[in-house]
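I opened the notebook to go through one model, step by step. The coordinates come first, then my entries.

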Amino acid sequence: MTNKHSPAPWSVYYDDDGVEIRADGNMMGGFINGNEMRANKDLIEAAPKLLAALRSLAFAYSLSGDHIDGHQGDDCVYCDALAAIAKATGKPSPPNRSMT
């Protein structure tokens, strides 16, 4: 089963009391104040753009012809990108890759 993330636009509001996260105008969550909370807020707010950028980069790389299908090893950034995209979209990871 594929999980679907909350629809864009995502917005994050914060003040001295904490953070409120909204997706498409609906409350999705909140955090109490602190440095970790601000870092989480920044990451959550950037996630949709990060995913879109990673998809674009992976697609561009796939057109380059530089990837060797069926290779062995753990140092393939293209395979890591595909695994991260799969994790973010709730799809199965490519063979030999897992984002846990």
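My entries run from the whole chain down to single residues.

**Entry 1: the chain.** I noted first that this is a predicted model. I looked up the secondary structure and found two helices and three strands in the protein chain. Along the sequence the pattern reads β-β-β-α-α. I then checked burial: of the 100 residues, 20% are buried. The exposed surface comes to about 7,300 Å², and carbon and sulfur atoms supply 56% of it. For contacts with a separation of 6 or more, I read that 28% join residues 24 or more positions apart.

**Entry 2: helix H1.** I turned to H1, residues 35–64. H1 has 30 residues. From first C-alpha to last it reaches 41 Å, close to the 44 Å expected at 1.5 Å a residue. I asked where H1 bends. The bend is at Ala-47 and is about 50 degrees. Pro-48, a proline, follows within four residues. I listed the buried residues of H1: Met-37, Lys-41, Leu-51 and Ala-58. Past the end of H1 comes Gly-65, with a positive phi near 80 degrees.

**Entry 3: the core.** Which residues form the largest nonpolar core? I found six: Leu-51, Ala-58, Cys-76, Tyr-78, Cys-79 and Ile-85. H1 and H2 (77–89) each supply at least two residues of this core. The largest share, three residues, comes from H2.

**Entry 4: the aromatic pair.** I searched for aromatic pairs and the structure holds one. The ring centres of Tyr-61 and Tyr-78 are 5.2 Å apart and the planes are at 40 degrees, so I logged the pair as tilted. Tyr-61 lies in H1 and Tyr-78 in H2, so the pair ties together parts that are 17 residues apart in sequence. Tyr-78 has 15% and counts as buried, because the cut-off for buried is under 20%.

**Entry 5: Glu-20.** I placed Glu-20 in strand S2, residues 18–23. Glu-20 is partly exposed, with a relative accessible area of 26%. I then took the C-alpha separation of Glu-20 and Lys-41: 8.9 Å, for residues 21 apart along the chain.

Conventions: Residues are numbered from 1 along each chain as its sequence is written. This is a predicted model: local features need pLDDT of at least 70, side-chain atom pairs count only at pLDDT 80 or more; totals for chains, interfaces and linings use all residues. Side-chain values use heavy atoms; hydrogens and water are left out. A nonpolar core is a set of buried Ala, Val, Leu, Ile, Met, Phe, Trp, Tyr and Cys residues joined through side-chain atoms within 4.5 Å. Buried means under 20% relative accessible area, exposed over 50%, partly exposed in between (1.4 Å probe, protein chains only). The expected span of a helix is 1.5 Å times one less than its number of residues. The bend at a residue is the angle between axes fitted to the seven residues ending there and the seven starting there. Rings of Phe, Tyr and Trp (its six-membered ring) pair if their centres lie within 6.5 Å; planes under 30 degrees apart count as stacked, over 60 as edge-to-face and the rest as tilted. Contact means heavy atoms within 4.5 Å. Accessible areas come from the Shrake-Rupley method with a 1.4 Å probe; for residues, only the protein chains shown count as cover.
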